[in-house]
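Visitor: Hi! Could you walk me through this structure in simple terms?
Guide: Happy to. Let's bring it up and pick out a few spots.

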Amino acid sequence: MSLLIKNATLLSGKKSDILLEGGKIAKVASSISSSGEKLNAKGKLLIPGMVNTHTHAAMALLRGVAEDLQLSDWLNVVWKYEAKMSPQSVKAGSALACLEMLKSGTTCFSDMYFHMDETANAVQQSGMRADLGYGMIDLGEEKKRKSELATAEKFVKEWNNKAGNRISCSIAPHSLYTCSSELLQQANSLSEKYSLPYHIHLSETRKEVFDCLEKNKKRPAYYLDSLGVLSNRTVAAHCVWLTKEEVRLLASRKVSASQNPVSNMKLAGGSTAPMPEMQEFGMNVSLGTDGSASNNSLSMFESMKTLGLLQKNARWDATVAKDSAIFEAATLGGARALGIPAGEIKEGKLADLVLLDLKAPNLLPSHSLVSSLVYSTHAGNVTDVIVDGKLVVENRKVLTLDEEKIVEAAQKEAEKLAN
Ligand SMILES: [Zn+2]
């Protein structure tokens, strides 16, 4: 099956035709003819689909449940809700999240949560791409550790490379403060065994650093390194309270960072991921939204803009976090972090693409398409989304999902949780 995109505008400003075949970008040229299906992209900007490298999709149901609270109080509220979440609620929340992500130009996301079969089912139906991991927590209990590792491995066996390879898995120990050193290490063995990303929260708060120093006499990055769990498979979410030397260490181990600027600011993390140093030391930088309880939006456009504003303001330097680097973090950087050949419009890459309405008032004039993408675009500008070479959103309508049903189910499940 092939799909020919005609007359699209690329970020370079050039007009181009793009032929998609077998889920991949087969050809990019000024004019291509094909007898297959065609999509007229005149007046539209074609970009690689965005890759959200850190979220908890099912938390879409918890949007707005814990507002204006300090992190410890926020956690208490969220945990209270999560204790009530059934497979049915994870199913409803994940479907709602897929809908929101597709409509805002995200084609792939990396998720860490529980009842992950339901999230996988939602992804399968949606036509999206995702890297999914069961979030493990043992709080130092051996029995719990064994069952968590077994659940994680069972999920990998069932879902890795499924849905026509759109679903891959990761190994996801939650964090160094909820997982024992044994769990962190055994999780790494699993990640090595199956060659899967090792997705973990790292240095999100100052408290995490202080507690780690007290308990392990090492800062978080050094502690993880002493356990031997840092590698090119590691995707470290947040990376906010890192020293320059920790960034150097993470970069030397080829760890990817997932920056989550909206979530960090909303929960008043008080510091900023050191993106300029990450770039200086050649660390792969990506972007995530985190869950909807600490971001309230899964829009990567919002996260890109916030990342730029936050970095510039925090460093008193408007030259840091250049628009092209931010856009790369949201696309190619994410694909690299997850080991997926996507994130750029190049022959041979996965055909995960997004079209935007270039005639929208907020995108005019087109002096700089990249800065428009990072600072002016919103989800409403997304017209069409292609994943794996197939149209998933056409003229703002999601073809794969029953929008009305999903919204209704999400509302119903959210009400159940609130009671
Ligand atoms: Zn998170």
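Guide: Let's start with a loop: Asp68 sits in the one between β6 and α1. Keep in mind that this is a predicted model.

Visitor: Is Asp68 buried or exposed?
Guide: Asp68 is exposed, with a relative accessible area of 81%.

Visitor: What about its phi angle?
Guide: Asp68 has a positive phi, about 55 degrees, although it is not a glycine.

Visitor: Okay, new topic. Which residues hold the zinc ion?
Guide: The protein donors are His54, His56 and His201, each through NE2, plus Asp290 through OD. They lie 2.1 to 2.5 Å from the zinc ion.

Visitor: What kind of geometry does the zinc site have?
Guide: The site is irregular, and the angles among its four donor atoms run from 83 to 169 degrees.

Visitor: And how are those donors spaced in the sequence?
Guide: The pattern is H-x1-H-x144-H-x88-D. Within it, His56 and His201 are 145 residues apart, so that pair links distant parts of the chain. His56 is in the loop between β6 (50–55) and α1 (71–83), whereas His201 is in strand β11 (residues 198–202).

Visitor: Are those two histidines buried or exposed?
Guide: His56 has a relative accessible area of 7%, and His201 has 5%. The cut-off for buried is under 20%, so His56 counts as buried, and so does His201.

Visitor: Got it. Where is Thr289?
Guide: Thr289 is in the loop between β14 (284–287) and α11 (300–315). Thr289 is buried, and its relative accessible area is 0%.

Visitor: What does the Thr289 side chain pair up with?
Guide: The side chain of Asn52, through a polar contact of 2.8 Å.

Visitor: One last thing. Where can I find a cis peptide bond?
Guide: Look between Leu364 and Pro365, where omega is about -10 degrees. Pro365 belongs to the loop between β15 (353–357) and α14 (369–375).

Key
Residues numbered from 1 in each chain as written. Predicted model: local features only at pLDDT ≥ 70, side-chain atom pairs only at ≥ 80, totals over all residues. Heavy atoms only, no water. Donors = N, O, S within 2.8 Å, 3.2 Å for Na, K, Ca; no water. Tetrahedral: all angles 85-135°; square planar, octahedral: opposite > 155°, others 65-115°. Helix = DSSP H or I, 4+ residues; strand = E, 2+ residues; numbered from the N terminus. Buried < 20%, exposed > 50% of the residue type's maximum accessible area, 1.4 Å probe, protein only. Polar contact = N/O pair within 3.5 Å; in protein donor to acceptor, adjacent residues only side chain to side chain.
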